[in-house]
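I opened a new page today for a structure I had not looked at before. Here are my notes, in the order I made them.

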Amino acid sequence: CFVGDKGVGPLLIVVQKSIHLRALILSENGLRNNAIKMIASVAAHHPSLRSIDVSDNYISEGAGTALLQLADENTNIVEIRMANTKIPAESRVRINDRLAGNRQV
């Protein structure tokens with residue numbers, strides 16, 4: 001059983017209302033780039049979210065771009081796990097560099 005792209009929308013409504021949520025673990029959930037873009041959009045404005053795990057999903061460069069923008073917009077985000085994805089190494093480095101800066105804030 002997994003969330004999948006269709007299940008992300010309803011889940012994100014709950015995430016928005018969970019103002020004390022600190023971690024969002026969505027590894028191995030059959031997610032694709034569009035789902036990651038939706039997650040990043042909601043997480044960019046979340047007041048307490050610090051960690052997101054999207055490992056082992058079918059995501060690539062488009063998701064990497066969304067996650068980098070998320071790290072730019074919400075300095076509370078200090079960890080994004082993306083193991084076993086097709087996000088290019090150069091994008092991962094840029095995301096992790098930004099997250100390291102967020103940890104300094």
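Predicted model: local features only at pLDDT ≥ 70, side-chain atom pairs only at ≥ 80, totals over all residues.

Residues are numbered from 1 along each chain as its sequence is written, and side-chain values use heavy atoms, with hydrogens and water left out.

**Entry: Glu 79 and its partners**

I looked up Glu 79 and found it partly exposed, at 27% relative accessibility. Its side chain meets that of Arg 81 in a salt bridge, at 3.0 Å from N to O. For this I used the rule of a side-chain nitrogen of Lys or Arg within 4 Å of a carboxyl oxygen of Asp or Glu. Arg 81 is partly exposed too, at 46%.

Glu 79 also makes a side-chain polar contact with Ser 51, at 2.6 Å. That term means a pair of N or O atoms within 3.5 Å; within protein, one must be able to donate a hydrogen and the other to accept it, and residues adjacent in sequence count only if both atoms are side-chain atoms. Ser 51 lies in strand E2 and counts as buried, at 15%. I took helices (H or I, at least four residues) and strands (E, at least two) as DSSP runs, numbered from the N terminus.

**Entry: the other salt bridge**

How many salt bridges are there by this rule? I counted two. Arg 98 pairs with Asp 72, their closest N and O atoms being 1.9 Å apart. Arg 98 sits in helix H4 (residues 89–104) and Asp 72 in helix H3, so the pair ties together parts 26 residues apart in sequence. Arg 98 is partly exposed at 36%, and Asp 72 is partly exposed at 38%.

**Entry: the core**

Next I turned to the largest nonpolar core, which has 29 residues. Such a core is a set of buried Ala, Val, Leu, Ile, Met, Phe, Trp, Tyr and Cys residues joined through side-chain atoms within 4.5 Å. Ile 36, Ile 39, Ile 52, Leu 67 and Leu 70 have the most contacts inside this core.

I then checked helix H2 (residues 33–43), whose buried residues include Ile 36 and Ile 39. Among the elements covering them are helix H1 (4–17) and helix H3 (61–73).

Key
Buried < 20%, exposed > 50% of the residue type's maximum accessible area, 1.4 Å probe, protein only. Contact = heavy atoms within 4.5 Å.
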